[in-house]
Amino acid sequence: MNYKTARPIDTSACMKLIKKDLSYFPGLTLVEIEKSLRQAIADGTVVTARDGDELAGLLIFRRSPAELLFVAVDPEFRKEGVARNLFRFMCSQIPQGQKIVTLSFRSDDDDYEEHTGFYISLGFKAGRMLERDGVPVQEYVYLNKTAILK
């Protein structure tokens, strides 16, 4: 598996994977999602995992304040450590000692425990209950221990 920062040429493959589960983008159109994706790629905040030419997974993050925004792994590649390695790559792009947050919107979803269990397995700790766009969300906080790779 090859992990690297996405390039503009990766946009189509990333959109194809994102379309497999649009529920992570409530209220957004595909045009808005693609515009945000293109900006994140331009900012260098999209990490991809490829198995040869096939996109196995992607992770979108923000550097400041550091936030894990989205992670997706193609069902064919799940349970192979792809999401964990995408996260590790992201951590190498964020200063050591900086807090990284992620929010879980899916408290009424059957997959909620799987999502939150994944965050906890990475070392995230449950933080505050917040509200975003009128929806209650759980904040998870991780203290980055990885030094920036140059």
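**Notebook: loops, cores and a helix pair**

I started at Thr45, which sits in the loop between α2 and β2. Helices here are DSSP runs of H or I with at least four residues, strands are E runs of at least two, and both are numbered from the N terminus. The model is predicted: local features need pLDDT of at least 70, side-chain atom pairs count only at pLDDT 80 or more, and totals for chains, interfaces and linings use all residues. Residues are numbered from 1 along each chain as its sequence is written, and side-chain values use heavy atoms, with hydrogens and water left out.

I checked confidence next. pLDDT is the predictor's confidence in each residue, from 0 to 100. The chain averages 87, and 87% of the residues score at least 70.

The cut-offs are under 20% relative accessible area for buried, over 50% for exposed, and partly exposed in between (1.4 Å probe, protein chains only). Beyond its neighbours within four places in sequence, Thr45 is in contact (heavy atoms within 4.5 Å) with Ala40, Leu59, Ile60, Phe61 and Arg63.

I followed Leu59. With neighbours within four places again left aside, its contacts include Thr45, Leu68, Phe70, Leu86 and Met90. Leu59 is also one of the residues that touch the most other members of the largest nonpolar core, which has 23 residues. Such a core is a set of buried Ala, Val, Leu, Ile, Met, Phe, Trp, Tyr and Cys residues joined through side-chain atoms within 4.5 Å. β2, β3 (54-63), β4 (66-73), α3 (82-91), α4 and β7 (135-143) each supply at least two residues. The largest share, six residues, comes from α3. I also noted a second, separate core of 15 residues, with Leu17, Ile33, Leu58 and Phe70 among them.

Then I looked at the helix pair. The axes of α1 (residues 11-18) and α2 (residues 30-43) come within 11 Å and cross at roughly 130°. α1 and α2 are therefore oblique to each other. Thr11, Cys14, Met15 and Ile18 of α1 meet a set in α2 including Leu30, Ile33 and Leu37.

Last, I checked Ser64, in the loop between β3 and β4. Ser64 is exposed, with a relative accessible area of 62%. Its C-alpha atom is separated by 8.8 Å from that of Ile94, 30 residues apart along the chain.

Notes
Axes are lines fitted to C-alpha atoms, for helices over the stretch in contact, and angles run from 0 to 180 degrees between N-to-C directions. Angles under 35 degrees count as roughly parallel, over 145 as roughly antiparallel, 65 to 115 as roughly perpendicular and the rest as oblique.
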